[in-house]
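Please look through the structure shown below with its side chains displayed.

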Amino acid sequence: MAKVKPLLKILASIWIVYNICAIMVMPNVSSYFGRVASKFFGPYANQVGLNAGWNFFSPDPAHPMYLKVVVNYPMAQNGAYREPLITAFPFAESEKTMPSLSRKREWAVMRYMVMDPRRLRQVFGPWLCKQFPEAESIDMEHVIETLPLLDEAVSKSEVNLLDMSQERRAAKASVRCNSPGDEELL
């Protein structure tokens with residue numbers, strides 16, 4: 001029992017030092033040292049949520065982004081027009097305007113899919129078609145809302161920040177649902 005206490009102290013000390021290093025290295029992963037050290041700290045930091053970069057807290061934070069999804073429905077048999085459903089991915093849980101930031105997997109999926117528009121057509125589009133089985137086609141568009149710089153926001157304090165932000169459109173893709181040969185794309 002006497003030999004176990006020093007071993008536990010050593011292991012606890014190593015674990016504490018490891019956590020402190022992860023806290024110091026992972027927010028600055030864009031530096032050379034951060035990229036090299038992320039091999040050792042990255043998996044742990046991703047698991048426990050220590051992987052937020054410092055630019056999240058800086059005066060010029062990362063821009064909010066989402067994937068705008070327009071679900072187009074076919075004409076009804078009586079010729080009536082059905083309004084398209086306009087939504088965003090990650091999907092909101094309720095009537096809130098933006099989904100919870102705690103659903104990191106969906107945010108990560110969205111970011112991964114918009115890196116290459118082919119992924120939107122070949123992987124994400126067919127998945128959305130399964131989520132909306134009555135859909136005829138689905139249009140997807142990556143939207144980035146730019147935030148004003150801190151200097152600009154302070155100098156124009158009488159203007160609402162939402163009025164100063166701009167939407168930039170990036171990747172676009174369209175997918176036809178229920179068309180033959182969809183599986184061949186994958």
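A charge is said to sit over a ring if NZ of Lys or CZ of Arg is within 6 Å of the ring centre and within 35 degrees of the ring normal. By that criterion Arg-82 lies over the face of Tyr-73, at 3.7 Å from the ring centre, and Arg-119 lies over the face of Tyr-112, at 3.9 Å from the ring centre. The model is a predicted one, in which local features need pLDDT of at least 70 and side-chain atom pairs count only at pLDDT 80 or more, while totals for chains, interfaces and linings use all residues. Residues are numbered from 1 along each chain as its sequence is written, and side-chain values use heavy atoms, with hydrogens and water left out.

The fold can be laid out before its details. Helices (H or I, at least four residues) and strands (E, at least two) are DSSP runs, numbered from the N terminus; the protein has seven helices and four strands, and from the N terminus on these elements follow the order α-α-β-β-α-α-β-α-α-β-α. Where contact means heavy atoms within 4.5 Å, 57% of the contacts between residues at least 6 apart in sequence join residues at least 24 apart.

The structure holds three aromatic pairs. In one of them, the rings of Tyr-18 and Phe-41 have centres 5.0 Å apart and planes at 40°, so the pair is tilted. Because Tyr-18 belongs to helix 1 (residues 4–25) and Phe-41 to helix 2 (residues 32–48), this pair ties together parts that are 23 residues apart in sequence. Tyr-18 is partly exposed, at 28% relative accessible area, whereas Phe-41 is buried, at 11%. Tyr-18 and Phe-41 also belong, together with Tyr-44, to one aromatic cluster.

Another pair, that of Phe-124 and Trp-127, is stacked, with 5.6 Å from centre to centre and 25° between the planes. Both residues are in helix 4 (residues 117–131), three residues apart, which is about one turn of the helix. Phe-124 is buried, with a relative accessible area of 3%, while Trp-127 is partly exposed, with 35%.

Attention can now turn to the strands. Asn-72 is found in strand 1 (residues 65–72) and Ser-137 in strand 3 (residues 137–146); Asn-72 is buried at 18% relative accessibility, and Ser-137 is buried at 11%. Leaving aside neighbours within four places in sequence, Ser-137 is in contact with Val-70, Val-71, Asn-72, Val-175, Arg-176 and Cys-177. With residues up to four places away again not counted, Asn-72 touches Pro-84, Ala-135, Glu-136, Ser-137 and Asp-139.

How many salt bridges does a search of the whole structure find? With a salt bridge defined as a side-chain nitrogen of Lys or Arg within 4 Å of a carboxyl oxygen of Asp or Glu, the search finds four. One of them joins the side chains of Glu-134 and Arg-82 (2.6 Å, N to O). Since Glu-134 lies in the loop between helix 4 and strand 3, and Arg-82 in the loop between strand 1 and strand 2 (85–89), the pair ties together parts that are 52 residues apart in sequence. Arg-82, described above as lying over the face of Tyr-73, is partly exposed, with a relative accessible area of 38%. Another salt bridge is formed by Lys-172 and Glu-141, whose closest N and O atoms are 3.8 Å apart. This pair links distant parts of the chain, with Lys-172 in strand 4 (residues 166–176) and Glu-141 in strand 3, 31 residues apart. Lys-172 is exposed, at 55% relative accessibility, but Glu-141 is buried, at 12%. A further salt bridge connects the side chains of Arg-118 and Asp-116 (2.8 Å, N to O), and Arg-118 is partly exposed, with a relative accessible area of 47%.

Notes: Rings of Phe, Tyr and Trp (its six-membered ring) pair if their centres lie within 6.5 Å; planes under 30 degrees apart count as stacked, over 60 as edge-to-face and the rest as tilted. Buried means under 20% relative accessible area, exposed over 50%, partly exposed in between (1.4 Å probe, protein chains only).
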